[in-house]
Amino acid sequence: MAVAVLRRRFFLQSRRETTGKVGDMFCISALDQQRSCFATSNDAVSEAHKSKKGKWFTLPPFTPVVDASSLGKVLSGHRTDLNGGNTTAGASTTALKWVVRCCPQLPRSLVQKLFRLRQVRRESSNMITSDIGVQNQEHRLKRVAAKDLMNLGDRILLPITVEELPSEKHEYHCNDEEIKFVHNLELYKDPAIIVVNKPPGLPVQGGIGIKRSLDELAATYLRYDCSEPPRLVHRLDRDSSGILIMGRTQTSATILHSIFREKTFGASNNDIDTKKRMLQRRYWALVIGSPRRPRGLISAPLGKVVVDDGKSERITIVDNVQTMSSQRAITDYRVIKSSCHGYTWLELSPLTGRKHQLRVHCAEVLGTPIVGDYKYGWQAHRKWKQLFQSNIEKNLDENLPNRKTHPFGLDLESGSILDKQPHLHLHCKQMVLPNISLALQNLQVSAECDLSELESLEFVAPLPSHMQRSWDILNS
């Protein structure tokens with residue numbers, strides 16, 4: 001009996017040892033197989049990822065960007081802090097905003113449609129640790145909505161077909177003389193802005209019946225090494241001339257928009273302290289007649305009225321703001337020089353940015369319409385032939401330069417007060433604004449840098465030919 005028990009124990013012990021060895025061998029074999037499968041799976045995922053990315057147009061990885069709108073408010077001088085010194089908007093940037101920022105050539109309506117049809121993906125990179133302690137980077141593609149917030153390092157993927165879309169903007173093809181003319185308009189350029197001296201007669205923005213506009217010409221011939229075309233941030237009337245600022249990137253354009261908007265907002269709320277005006281514009285205008293006072297501040301609300309059975313519109317002074325929609329418009333003016341022939345040179349500084357503000361204030365408030373303004377000073381120009389008849393015309397006619405044809409059909413030689421139909425005598429001669437490029441450079445070094453002492457840029461544009469000739473005539 002005892003022998004039988006011993007034999008049974010020996011048999012069970014031998015079975016356990018054998019089973020343990022086989023189990024160990026099975027576990028090791030299974031682990032090797034799992035590792036091999038994991039490696040094969042990783043390779044397959046990597047290859048599949050590469051093949052998938054071939055079907056997508058991949059945007060650069062997301063990085064926190066400058067809160068351009070808030071930065072513009074700080075640079076305008078009306079606000080001294082920026083959310084406690086934080087100038088980045090990484091936490092509030094949506095997928096839609098990032099696509100628009102990275103792909104300015106795509107129509108916004110198309111981008112919104114891609115999000116609406118759920119054809120946009122986001123690639124998020126996460127570090128994962130395997131069972132053997134090895135860290136691998138996992139790439140995951142997921143659908144993303146337009147309002148979803150971006151995380152650091154995320155990439156947006158669009159359908160590859162967006163690369164084949166034709167450009168929405170039409171590129172002009174100019175001859176050498178026209179290209180040289182456009183380049184000669186440039187007054188200043190840095191990584192953030194470009195400044196041009198707009199000639200009279202050239203529209204700033206395209207529209208119906210306009211073949212050549214300054215914004216389209218700048219997009220083609222003033223882009224230089226920048227991946228984005230210059231963007232308009234303010235406008236000048238077609239017949240006026242002078243300094244025009246354009247943003248070279250979407251960020252700088254947004255900052256400039258905010259500065260111009262804050263300037264108007266501050267002035268409209270009685271904040272017109274000269275020391276706080278980081279943006280200053282000074283126009284020169286030749287007017288018919290002379291103001292009663294040599295200098296003053298005009299504050300008159302402006303409203304829009306429709307005329308000619310709805311075919312056109314004009315801006316006018318609103319007497320009763322309770323019954324008619326209006327916007328407050330403020331202009332600072334001073335007399336530069338008066339002439340015995342009934343003309344006066346004025347310096348006009350608009351503290352707000354309303355449509356036709358200077359022209360209406362001169363014509364309807366001061367009673368001195370600008371020379372060449374037939375829309376708001378048509379009554380004064382009805383007597384133009386009788387207004388100016390003297391020996392000056394005979395004496396200076398011999399000194400007039402030979403008139404020539406300029407690019408884009410512009411007439412830049414005629415239009416002085418010697419002509420029967422003078423051109424508009426309104427010119428943006430000087431502008432002062434914050435150095436946006438320097439501000440962005442400082443923010444790259446430190447997000448908490450002090451922008452209160454940031455230096456300003458000042459630009460001066462020479463008078464156009466017809467206004468310079470009128471100046472010489474009246475001073476002769």
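**Close-up 1. Surroundings of D419.** The side chain of D419 reaches the backbone nitrogen of S416 at 3.1 Å, a polar contact in the sense of a pair of N or O atoms within 3.5 Å, where within protein one atom must be able to donate a hydrogen and the other to accept it, and where residues adjacent in sequence count only if both atoms are side-chain atoms. D419 is placed in the loop between α11 (392–397) and β15 (426–434), with helices (H or I, at least four residues) and strands (E, at least two) taken as DSSP runs and numbered from the N terminus. With a relative accessible area of 18%, D419 is buried; buried means under 20% relative accessible area, exposed over 50%, and partly exposed in between (1.4 Å probe, protein chains only). The model shown here and in the other views is predicted, so local features need pLDDT of at least 70 and side-chain atom pairs count only at pLDDT 80 or more, whereas totals for chains, interfaces and linings use all residues. Residues are numbered from 1 along each chain as its sequence is written, and side-chain values use heavy atoms, with hydrogens and water left out.

**Close-up 2. Salt bridges around R359.** The side chains of D237 and R359 meet in a salt bridge with an N to O distance of 3.0 Å, the term being used for a side-chain nitrogen of Lys or Arg within 4 Å of a carboxyl oxygen of Asp or Glu. Because D237 lies in the loop between β7 (231–232) and β8 (241–247) and R359 in helix α8 (residues 357–365), the pair ties together parts that are 122 residues apart in sequence. D237 is partly exposed at a relative accessible area of 23%, while R359, at 11%, counts as buried. R359 also forms a salt bridge with D373, the closest N and O atoms being 2.8 Å apart. Here R359 in helix α8 is linked to D373 in the loop between α8 and α9 (378–382), 14 residues apart. Through shared partners, salt bridges join D237, R359 and D373 into one network.

**Close-up 3. A salt bridge between two strands.** The side chains of R334 and E347 meet in a salt bridge (3.0 Å, N to O). R334 lies in strand β13 (residues 330–338) and E347 in strand β14 (residues 343–350), so this pair ties together parts that are 13 residues apart in sequence. R334 is partly exposed, with a relative accessible area of 31%, whereas E347 counts as buried at 13%.

**Close-up 4. Aromatic pairs.** Six aromatic pairs are counted, where rings of Phe, Tyr and Trp (its six-membered ring) pair if their centres lie within 6.5 Å, with planes under 30 degrees apart stacked, over 60 edge-to-face and the rest tilted. One of them is the edge-to-face pair of F181 and F408, at 6.0 Å centre to centre and 65° between the planes. F181 lies in helix α5 (residues 176–184) and F408 in the loop between α11 and β15, so the pair ties together parts that are 227 residues apart in sequence. Both F181 and F408 are buried. The rings of W345 and W471 have centres 5.3 Å apart and planes at 65°, so this pair is edge-to-face. Ring pairs link W284, W345 and W471 into a cluster.
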